[in-house]
Amino acid sequence: MRVTVHVTRRPEIADPQGTTSSRALHDLGYGEVRSVRIDRTIHMEVDGDDSAAIRARVEEMCARLLANPVLEDYEVVVEP
Amino acid sequence: MTIRAGVVVFPGTNCEHDTVQALRSLGAEAELVWHRDHDLSGLDGVVLPGGFAHGDYLRTGAIARFSPVMDAVRAFAGAGQPVIGICNGFQILLEAGLLPGAMLHNAGKYVCSYVHVRVEQSDTPFTGLCAKGQVLKIPIAHGEGNYYADPETVEALEAGRQVIFRYVTPQGEVSAEGNPNGSLNNIAGICNQARNVVGLMPHPERACESALGSADGKVVLESVVSALIARA
């Protein structure tokens with residue numbers, strides 16, 4: 001099954017990559033950009049056909065490795 | 001008696017030789033420990049050196065924290081023995097939960113230069129020979145040294161005297177000017193509650209010879225060698 005994981009930095013935590021990218025966009029003439037945040041999407045192909053079981057395993061993967069709980073939240077989307 | 005230090009090598013670590021050299025120049029025995037080894041017996045202290053373990057892929061230190069050696073490092077630290085994480089090593093200790101908090105990208109850019117850090121506490125194995133308030137000129141070379149922890153954790157660190165090194169101006173002032181990467185409260189290095197595990201972003205092993213720019217880092221490694229000899 002295809003699984004997509006969205007790992008997002010919690011909004012109250014600074015995102016220097018986003019700020020730097022925003023500045024770069026301004027330098028290129030896109031002054032209308034007010035803010036940029038850069039997050040991460042992880043695409044997975046996982047064996048099995050029980051979506052609930054797969055979801056549980058991937059959430060475990062997120063808690064252990066794919067996301068840093070100090071900084072990030074995650075959302076797991078299992079494709080039907 | 002001779003102190004034996006283990007310097008852990010992950011795929012992508014690149015500061016292990018400088019670290020071994022610095023320790024040996026202080027009279028300690030130093031050996032490399034491969035990240036798949038799990039035997040730290042006979043070692044008196046462990047260093048997680050700088051570099052780019054696993055290419056910093058996913059998040060810096062995120063994969064290294066699961067290396068087989070880290071179970072042994074955790075037990076070693078749990079037994080109260082000294083562990084120091086330098087730069088990438090500090091990042092690995094954070095991901096492993098052996099120290100609280102996390103690293104963000106630097107507020108500006110990758111910084112490779114000398115900075116000044118102030119020793120905030122001298123009651124850790126790595127600062128025993130330092131005076132509180134002593135300013136050391138040590139180089140940093142990192143893109144992700146912007147220390148972050150949630151407000152409760154930061155408050156606990158400060159109240160518990162767990163901030164060991166702080167970025168300062170050459171005159172020893174804690175200010176934005178003296179902060180190279182945006183680190184919260186100018187934090188450059190911290191210790192755990194038991195005060196035997198220290199992590200810092202600057203590289204003391206690169207400041208052990210004045211001919212190379214500064215010998216201020218020597219005292220950090222000297223402190224632990226001396227503390228271990230006294231303990232023996």
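This is a predicted model: local features need pLDDT of at least 70, side-chain atom pairs count only at pLDDT 80 or more; totals for chains, interfaces and linings use all residues.
Me: What is the volume of the largest pocket in this structure?

Reply: A pocket is an open set of points on a 1 Å grid over the protein atoms alone, with protein on both sides within 12 Å along at least five of seven lines. Its points are joined across faces, edges and corners, and its volume is the space filled by probe spheres set on them. For the largest pocket, that comes to about 380 Å³.

Me: Which residues lie nearest the centre of the largest pocket?

Reply: Residues are numbered from 1 along each chain as written, chains are lettered from A and ligands numbered from 1 in the order written, and side-chain values use heavy atoms, without hydrogens or water. The lining has 24 residues, each with an atom within 4 Å of a point. Nearest the centre are A:Arg9, A:Arg40, B:Arg59, B:His105 and B:Glu144.

Me: How many residues lining the largest cavity are nonpolar?

Reply: A cavity is a set of points where a 1.4 Å probe fits but cannot get out, and the whole structure has one of 30 Å³ or more. Its space is about 80 Å³, and its 14 lining residues include B:Ala5, B:Gly45 and B:Val46. β1 (4–9), β3 (45–48) and α5 (218–231) of chain B each give two or more residues to this lining. One lining residue is polar and two are charged, while the nonpolar residues number 11.

Me: How many residues make up the largest nonpolar core?

Reply: In soluble globular proteins, nonpolar side chains tend to be buried together. A nonpolar core is a set of buried Ala, Val, Leu, Ile, Met, Phe, Trp, Tyr and Cys residues joined through side-chain atoms within 4.5 Å. Among the residues with the most contacts inside the largest core are B:Phe10, B:Leu23 and B:Met70. The number of residues in that core is 70.

Me: Is B:Cys87 buried or exposed?

Reply: B:Cys87 sits in the loop between β4 (83–86) and α3 of chain B, and has a positive phi of about 60 degrees although it is not a glycine. Buried means under 20% relative accessible area, exposed over 50%, and partly exposed in between (1.4 Å probe, protein chains only). Because its relative accessibility is 6%, B:Cys87 counts as buried.

Me: What phi does B:Arg161 have?

Reply: You will find B:Arg161 in the loop between α4 (151–159) and β9 (163–168) of chain B. With a relative accessibility of 34%, B:Arg161 counts as partly exposed. Although B:Arg161 is not a glycine, its phi is positive, at about 55 degrees.

Me: Which residues does A:Thr41 touch, not counting those up to four places away in sequence?

Reply: A:Thr41 belongs to strand β2 (residues 40–45) of chain A, and at 42% relative accessibility A:Thr41 counts as partly exposed. Contact here means heavy atoms within 4.5 Å. By that rule, A:Thr41 touches A:Thr4, A:Val5 and A:His6.

Terms used. Helices (H or I, at least four residues) and strands (E, at least two) are DSSP runs, numbered from the N terminus. Ala, Val, Leu, Ile, Met, Phe, Trp, Tyr, Cys and Pro count as nonpolar, Asp, Glu, Lys and Arg as charged, and the others, Gly among them, as polar.
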